[in-house]
Amino acid sequence: MGIKETIEAGKAVLGIEFGSTRIKAVLVDEAGKPIAQGNHDWENQYENGVWTYSLDMIWTGLQDAYSELLKDVRSKYDTVIRRLGAIGFSAMMHGYMAFDKNDTLLVPFRTWRNTITEEAAGKLTELLGFNIPQRWSISHLYQAILNGEEHVKDITFFTTLAGYIHWQLTGEKVLGIGDASGMFPIDSTTRDYNKGYIEEFDQLIADKGFGWKLKDILPKVLLAGEKAGTLTAEGAAKLDVSGNLEAGILLCPPEGDAGTGMVATNSVAVRTGNVSAGTSIFAMVVMEHALKEVHEEIDVVTTPVGDDVAMVHCNNCTSDINAWVNIFREYSELMGIETDTNTLYTKLFEIALKGAPDCGGLAGFNYFSGEPVTGFDEGRPVFMRKVDADFSLANFMRLHLFSAVSTLKYGLDILFNEEDIKVDKLYGHGGYFKTREVGQRIMSAATGGPVTVMETAGEGGAWGMAVLALYLVSPENVTLSEFLNDKIFAGEEGTTITASEEEIKGFDEFMKTFKDVIPVERCAVEVL
């Protein structure tokens, strides 16, 4: 069947992901191959001390991304979408969207980027003996309770961004287990919220007299492959302003960007891992045994089927690189040199490989926002160098590529060295890996092992979400890992790079300096 016929037969499958800076829609055929896409760029807003996106931004962005997808379909195949085999929505994990009995949003959406829940996260971690990071939904809820916020008593439901979109389009208050694991801890034996922890939380707030119990206001947990409702007529109209999309389309469980990243890199099996590096950066490793101790630098979440995953999540990655590349772009314009942006990134990334293994005495922090892994509620981008440093362009760019992953390495060293967690395959995806070899080689130097980039890694989380939707309607009765290995990634090996011993040693030397100059970043936050 040709692509046009697949679309007109209603057998194409759609995945949409709300990233930090882009909403992306990807349409795939029955083999999981991308056949069309649409994008909408957006940015979070800092309002009244909170990073947020308005409801208008959410819906306008979704409709625009889908409209752009329709334009792509019309341009390539001269047809329209009326039916789909399945749809899946994913978004940035964590955060806080709380609603009352009238389904009204009680306070503006508080995103994962906020570092305003330190007290709550600390108390919950101590109470449960389980690391509860600041960005988790339960941290936001408990902080609102500690703050005495009036809205808490009126909550009847709270969820993530993906859960909200799915609920509005289907009427179902559900969440994929991977996304749910960023709201509240999951028990991987029951594949549901940890019952004991829920009881402890309810006891903790019992004296407040709220008319709800935690279990009652959390979304229901679903696993990949389970049906999560169908598109309502109202939902179809909200998604497709052209009015062509029909109701009744199956939806898979909504997932977080961590889960879609695992799917997009075929790293849902035990002892596999992936690094997603874009505006933020996080690494995930599917564990074969539980952690021995609680580490504030390491989250425990799950795969889309509920297996435990160790995650090191850092708020900052490529923003500082982008800012410096823009300086070079301005310089080029000043000198009357026409330079394509992609070429500029490629050249500057490639020169970094010619720098000294330890960056030649240069140091810095890429912290635009807070970084809980190293204990920062706020950030300030800082560049510094020793008096006798080798201040070359190669070392300068190498420093910024190192800086983008140094906090991640800070957390991974704990996972690999102290907890003895093993990983056989580590996959990279995201903008950091776009320039051939460079990001891979530096990430390999940071992690001390091989890093693989798949041909499909550039498709990102929206494609991963489409694959999860395809898994829902797949006729084969197989596990998600088998589905990925045998159907989606069959025969695809990707490109693997292993850093040299000199490069690995150089990054280790750089990290000694990084740890030594953390007080400089702390001072910058205090005085600048």
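1. Basis of the note. The model discussed here is predicted.

2. The largest cavity. The volume of the largest cavity is about 30 Å³. Its lining is made up of L223, A224, C252, P253, E255, P304 and L468. By class, six of these lining residues are nonpolar, none is polar and one is charged.

3. The second largest pocket. This pocket has a volume of about 350 Å³. It is lined by 19 residues, and those closest to its centre are P133, Q134, E296, P372 and V373. Helix α3 (residues 118-128) supplies the largest share of the lining, four residues. The lining comprises six nonpolar, seven polar and six charged residues.

4. The open sheet. Five strands, in the order β3-β2-β1-β6-β13, make up an open sheet with mixed pairing. The edges are held by β3 (34-41) and β13 (255-256), each of which has a single partner strand, so one side of each is left without a neighbour in the sheet. Six bridges connect strand β1 (residues 13-18) with strand β6 (residues 86-91), and this pair is parallel. Within the pair, V13 is placed opposite A86 of β6.

5. Helix α2 (residues 55-77) lies across β1, β2 (22-28), β3 and β6, and runs at about 145 degrees to β3. Helix α5 (residues 161-170) lies across β1, β6 and β13, and its direction makes an angle of about 145 degrees with β6.

6. Strand β15 and its burial. How many of the residues of β15 are buried? Six of the six are, so β15 is largely enclosed by the rest of the structure. In a regular strand, side chains alternate between the two faces of the sheet. Both faces of β15 are covered, with I281, A283 and V285 buried on one side and F282, M284 and V286 buried on the other.

7. Strands paired with β15. Strand β14 (residues 272-277) pairs with β15 in the antiparallel sense over five bridges. The two strands form a hairpin with three residues between them, and A277 has I281 of β15 as its bridge partner. Strand β15 (residues 281-286) is also joined to β17 by six bridges, again in an antiparallel arrangement. In that pairing, I281 is bridged to C314 of β17, while V285 has A310 of β17 as its bridge partner.

8. Strand β17 (residues 308-314) is mostly covered, with six of its seven residues buried. Strand β16 (residues 299-302) runs antiparallel to β17 and is joined to it by four bridges. In β17, A310 is the bridge partner of V300. The hairpin of β16 and β17 has five residues between the strands, and G306 in this hairpin takes a positive phi near 100 degrees.

9. Helix α4. Is helix α4 (residues 137-146) mostly covered or mostly exposed? The helix is mostly covered, since nine of its ten residues are buried. The buried residues are S137, I138, S139, H140, L141, Y142, Q143, A144 and I145. They pack against α3, β8 (157-159), α7 (195-204) and α8 (214-217). Just after α4, G148 adopts a positive phi of about 70 degrees.

10. Residue S403. This serine belongs to helix α13 (residues 393-418). S403 counts as buried because its relative accessible area is 2%, and buried means under 20%. Setting aside residues up to four places away in sequence, S403 touches G364, F365, N366 and F510.

11. Residue Y427. This tyrosine is located in strand β20 (residues 425-429). Y427 has a relative accessible area of 6% and is therefore buried. Apart from its neighbours within four places in sequence, Y427 is in contact with T265, N266, S267, G273, N274, V275, T452 and M454. Y427 and G10 are 417 residues apart along the chain, and their C-alpha atoms are separated by 33 Å.

Definitions and conventions:
Residues numbered from 1 in each chain as written. Predicted model: local features only at pLDDT ≥ 70, side-chain atom pairs only at ≥ 80, totals over all residues. Heavy atoms only, no water. 1 Å grid on protein atoms, 1.4 Å probe; cavity = no way out; pocket = protein on both sides within 12 Å on 5 of 7 lines; lining within 4 Å. Points joined across faces, edges and corners; volume = space filled by probe spheres on them. Nonpolar A, V, L, I, M, F, W, Y, C, P; charged D, E, K, R; others polar. Buried < 20%, exposed > 50% of the residue type's maximum accessible area, 1.4 Å probe, protein only. Pairing = 2+ DSSP bridges. Contact = heavy atoms within 4.5 Å. Axes fitted to C-alpha atoms, helices over the stretch in contact; angles between N-to-C directions.
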